[in-house]
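Hi,

Here is the structure I promised to pass on.

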Amino acid sequence: MTDVVLSATNLTKRFPTGRSGNFVNAVNGVDLCIRRGEVLGMVGESGSGKSTIGRTILRLTDPSEGQITFDGRDITNLPAKTIRPLRKDMQMVFQDPWSALNPRMKIGDLIAEPLRIHFNMSRSECADRTEILAKRVSLSIDFLNRTPSALSGGQLQRVCIARAIATNPKLIVLDEPTSSLDLSVRAGILELLQELRVETEAGFLFISHDLGTIKLISDRIAVLYLGRIVEEVPKSKLFSDPSHPYTQSLLSAHLPSDPNEKIERLPLEGEIPSPINLPTGCSFHTRCPLAINECKSKPPSPEQISAGHMASCLRIRDGKNIISREIK
Ligand SMILES: Nc1ncnc2c1ncn2[C@@H]1O[C@H](COP(=O)(O)OP(=O)(O)OP(=O)(O)O)[C@@H](O)[C@H]1O
Ligand SMILES: [Mg+2]
């Protein structure tokens with residue numbers, strides 16, 4: 001038996017733009033794999049394709065190319081009717097809990113909704129399970145008769161999490177689940193998610209802009225640039241051995257949790273290129289301080305750095321991929 005819950009190969013998503021013949025190349029040949037009980041973190045700038053990957057692996061949007069295997073089954077081309085019963089095994093938590101929940105429904109009904117859709121439960125079984133779920137996400141059961149307007153953002157996100165775990169899914173995509181919340185409540189939500197990934201044994205894809213958050217919860221981290229994974233790295237190596245120049249500059253721009261920590265700033269020059277006209281060769285070459293002529297024409301293949309650590313940079317082979325060492 002395999003413990004791989006989700007694998008994607010050459011995942012590609014192009015959105016047609018208004019102008020004929022042009023496409024937004026949102027996701028460009030991504031390979032990824034998520035195992036049971038594992039959190040794969042995904043980090044990248046705005047527009048790098050994180051949400052599109054999350055939605056595509058759940059088949060909420062159709063891939064343009066590539067293959068998606070969920071729980072051992074190729075789901076790439078399954079029609080919506082066949083996907084529907086699989087929805088109980090693959091759930092998503094969105095950034096904005098306010099727009100994810102119907103404001104007119106009671107919290108109890110919102111939590112019970114996935115149970116009613118996917119399981120043939122009696123009313124009382126459903127009510128019992130709803131209470132258990134509310135308690136599990138530390139929501140007072142007094143809220144079950146209220147509507148979303150009575151709850152804070154953090155409490156609403158707990159409702160969304162209760163809905164996501166209600167059907168015991170095998171895969172949960174969390175798309176920036178703490179970004180819209182006050183700093184003071186983020187830690188509590190992350191702590192809850194940490195507990196749930198152990199209890200549920202589901203595979204998590206945890207999407208975030210924030211490296212600090214990603215570091216707290218992820219086992220492995222995929223760094224995305226213009227719809228490509230440029231580095232995939234175990235958490236322990238992300239901060240100590242970032243191998244792609246883009247990862248190094250991302251790390252140098254993040255706010256450390258310890259204000260005394262010294263970080264060497266490696267600011268990136270220029271803007272992120274348009275995904276309508278992707279750069280040739282390595283997508284990062286237009287901003288990379290280490291780029292050489294070959295980087296403009298030759299797309300880099302993933303190089304293995306160590307076990308579970310891959311990075312796609314042509315300069316790795318001659319050891320010239322570390323910005324602070326090469327640029328003085
Ligand atoms: N439905 C759509 N139609 C057209 N273009 C889209 C659509 N959805 C996303 N895009 C484009 O695809 C690219 C990737 O978008 P995506 O939302 O996946 O990025 P992201 O990494 O999640 O960004 P953010 O951090 O801002 O949430 C962007 O250029 C975006 O404008
Ligand atoms: Mg997004």
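Helix 6 and helix 7 are roughly parallel to each other (an angle under 35 degrees counts as that), because their axes cross at roughly 10 degrees and come within 10 Å. Axes here are lines fitted to C-alpha atoms, for helices over the stretch in contact, with angles from 0 to 180 degrees between N-to-C directions. Helices (H or I, at least four residues) and strands (E, at least two) are DSSP runs, numbered from the N terminus.

Before you go on: this is a predicted model, where local features need pLDDT of at least 70, side-chain atom pairs count only at pLDDT 80 or more, and totals for chains, interfaces and linings use all residues. Residues are numbered from 1 along each chain as its sequence is written, while chains are lettered from A and ligands numbered from 1 in the order in which they are written.

Back to the helices: G154, Q157, I161 and I165 of helix 6 meet residues of helix 7 including V185, G188 and L192 (contact means C-beta atoms, placed from the backbone, within 7 Å).

Four strands make an open, antiparallel sheet in the order 2-1-4-5; strands pair if DSSP finds at least two bridges between them. Strand 2 (23-35) and strand 5 (73-74) are the edges. Strands 1 and 2 share 10 bridges, and F15 has V24 as its bridge partner in strand 2.

Finally, ligand 1 has 13 residues around it, with F15, A26, S46, S51 and T52 the closest (near means a C-beta atom, placed from the backbone, within 6 Å). Helix 1 gives the most to this shell, three residues.

Cheers

Terms used. Angles under 35 degrees count as roughly parallel, over 145 as roughly antiparallel, 65 to 115 as roughly perpendicular and the rest as oblique. Two residues are in contact if their C-beta atoms, placed from the backbone, lie within 7 Å.
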